[in-house]
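Have the viewer ready, and let us walk through the contacts together.

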Amino acid sequence: MSKRIAVLTGGGDCPGINAVIRAVTKKAILEYGMEVIGIEDGYDGIINEHHRKLTYDDVSGILTLGGTILGASKVANPYRYPTESKGKVDFKDVSHLARGNLEKLKLDGLVCIGGDGTLGIAHDLYKDGVPLVGVPKTIDNDIRGTDVSFGFDSAVWIAAEGIDRIHTTAQSHHRIMIVEVMGHKAGWIALHSGVAGGGDVILIPEIPYDIDKVAQKVEERHRRRRSFTIIVVAEGARPRGGGVVVQRMVKESADPVRLGGVGFVVGERLEQITGFETRTTVMGHLQRGGSPTPYDRVLATELGTRAVDMVAERAFGQMVAVKGNSLVSVSLDIVAQGPKLVPRDHRLLRSAIGVGTYFGD
Ligand code: F6P
C-alpha cells in the first residue's frame with residue numbers, strides 16, 4: 001500500500017511557502033509514490049477536518065507564487081484553541097480532537113511548515129505521538145537551530161529595494177528618512193537590509209538605542225555636509241530602559257502582541273531634538289508578499305524535498321535545517337529555547353560598524 005503524508009502551513013505567510021508545498025508534493029509523488037494531503041489554514045484544518053488531496057498538477061506552476069495555496073492561521077493552536085461563546089473568547093485544549101482527526105487520515109507523516117509558533121506546536125503534537133517533521137519558515141530569520149529560513153532573503157530584498165527608493169527622495173529634500181522593517185524580537189531584516197541599502201543608522205531589538213546619541217549622529221552627518229540621514233528601524237527596537245511600541249493586541253493569537261510604529265516615535269523625537277524635517281515609512285506586510293527571490297526558491301525546494309526524505313526515514317520530531325553549506329536535521333525542541341537573536345559579535349554587525357553604520361548605543 002502506498003504511503004500517505006500531509007502538509008500544512010502555519011503562522012504568518014511568506015514568499016517561498018508554495019515552493020516548499022510544491023517540493024514536498026512532487027518529491028513525495030515522484031520518488032516515493034506517496035499520496036499527499038494538503039491541510040487547509042494550518043492547524044485549523046486538522047481541528048475542523050478541512051483538507052484536500054494534492055496532485056502533481058495542483059502544485060505545478062506555484063514555484064514563484066507568493067502566499068500559500070493552503071491558507072495559514074496564526075490563531076489555530078490545538079492546545080489553546082479560541083472558542084467564542086456569548087461574545088467572550090475562551091481557550092480550549094482540543095489536541096485530542098486534532099490527534100483523532102489525524103488518525104482518521106492514516107498518515108505516515110505530517111510536514112509542518114512554520115515559524116517558532118507553528119513548530120513549537122508541532123513539537124508538542126510530536127510528543128503526543130503524531131509522526132511529523134518541521135520546515136523552518138519566517139521572514140524574521142529568528143528560528144533557532146537553522147542558519148537561515150526561507151522567506152528571509154525575499155523580505156530583505158523587498159526592504160532593501162524600499163530603502164534604495166527612500167534614499168533618492170531623502171537626498172533631494174535633505175531629510176531624515178526612517179524606514180521601519182519587520183523583526184519583533186530579532187533584528188536580522190533590519191541588519192541585512194540596512195547594510196544592503198546603505199543605512200546610516202540601524203536600530204535593532206538586540207541593541208537598545210539612546211535617542212540623544214542617534215540625534216548627535218545625525219547632526220554630525222549634517223556638519224559633514226551629508227544633508228540627509230537614512231535610519232532603518234526594526235519594529236521591535238526599543239530605547240535603553242524603555243519598551244517596544246505596541247500597535248495592537250490580537251487576543252486570540254498564541255503570540256498576541258503586534259508591534260508597529262516605533263519608526264514614528266523615533267522620527268518625532270529626532271525632529272524635536274535636531275530640528276531636521278523627518279519622514280517615516282513602514283514597510284509592513286509588503287515584506288511578506290509577492291514572489292520569492294531565486295535564493296528562496298532554491299532553499300524552499302531543498303528544504304521541502306529533504307523533509308520528505310525525513311518522513312521516509314521516520315526521522316520524526318526533527319526539523320530540516322541549514323548549517324553552513326549542508327542540510328541537517330535538528331530536534332524540534334530547539335525551537336522552544338527561544339528566538340535566534342543577532343549576537344553582539346556578529347560578523348555583519350562588525351562589518352557595518354566598520355563602514356561607519358551606527359547602531360544607536
Ligand atoms: O513573524 C513574522 C511577522 O511578519 C513579524 O515580523 C511581524 O511582527 C508579525 O509577523 C506580523 O504579524 P501579523 O501578520 O499578524 O500582522
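## Salt bridges

Arg-279 and Glu-277 are joined through their side chains by a salt bridge, with 2.9 Å from N to O; the term stands for a side-chain nitrogen of Lys or Arg within 4 Å of a carboxyl oxygen of Asp or Glu. Arg-279 is partly exposed at 35% relative accessibility, and Glu-277 is partly exposed too, at 36%. Here buried means under 20% relative accessible area, exposed means over 50%, and partly exposed is what lies in between, with a 1.4 Å probe and protein chains only.

Before we go on, a word on the ground rules: this is a predicted model, in which local features need pLDDT of at least 70 and side-chain atom pairs count only at pLDDT 80 or more, while totals for chains, interfaces and linings use all residues. Residues are numbered from 1 along each chain as its sequence is written, and side-chain values use heavy atoms, with hydrogens and water left out.

## Bridges across the sequence

How many salt bridges does the rule give? The count is 17. One of them pairs the side chains of Glu-40 and Arg-52, at 2.8 Å from N to O. This pair links distant parts of the chain, 12 residues apart: Glu-40 is in the loop between strand 2 (35–39) and helix 2 (43–47), and Arg-52 is in strand 3 (residues 51–54). Helices (H or I, at least four residues) and strands (E, at least two) are DSSP runs, numbered from the N terminus. Glu-40 is partly exposed at 23% relative accessibility, and Arg-52 is partly exposed at 33%.

Asp-361 and Arg-344 form another salt bridge between side chains, at 2.7 Å from N to O. Asp-361 lies in the segment after helix 10 (347–354) and Arg-344 in the loop between strand 15 (326–331) and helix 10, so the pair ties together parts that are 17 residues apart in sequence. Asp-361 is partly exposed, with a relative accessible area of 34%, whereas Arg-344 is exposed at 51%.

## The ligand and its surroundings

Which residues surround the ligand? They are Lys-74, Ile-139, Asp-140, Met-182, Gly-183, His-184, Glu-235, Arg-258, His-285 and Arg-288, where the cut-off is a heavy atom within 4 Å. A ligand oxygen is 2.5 Å from an N or O atom in the side chain of Glu-235. For Asp-140, the distance from a ligand oxygen to a side-chain N or O atom is 2.7 Å, and for His-184 it is 3.4 Å. The protein buries 80% of the 400 Å² that the ligand exposes when taken alone.

## A serine in a loop

Ser-73 is placed in the loop between strand 3 and strand 4 (81–85). Is Ser-73 buried or exposed? Ser-73 is buried, with a relative accessible area of 15%. A polar atom of the Ser-73 side chain lies 3.1 Å from the backbone nitrogen of Val-75. The backbone nitrogen of Ala-76 is 3.0 Å from a polar atom of that Ser-73 side chain.

## A glycine in helix 4

Gly-117 is part of helix 4 (residues 116–127) and is partly exposed, with a relative accessible area of 42%. Between Gly-117 and Asp-255 there are 138 residues of separation in sequence and 7.7 Å in space, C-alpha to C-alpha.

Key: A polar contact is a pair of N or O atoms within 3.5 Å; within protein, one must be able to donate a hydrogen and the other to accept it, and residues adjacent in sequence count only if both atoms are side-chain atoms. Accessible areas come from the Shrake-Rupley method with a 1.4 Å probe; for residues, only the protein chains shown count as cover.
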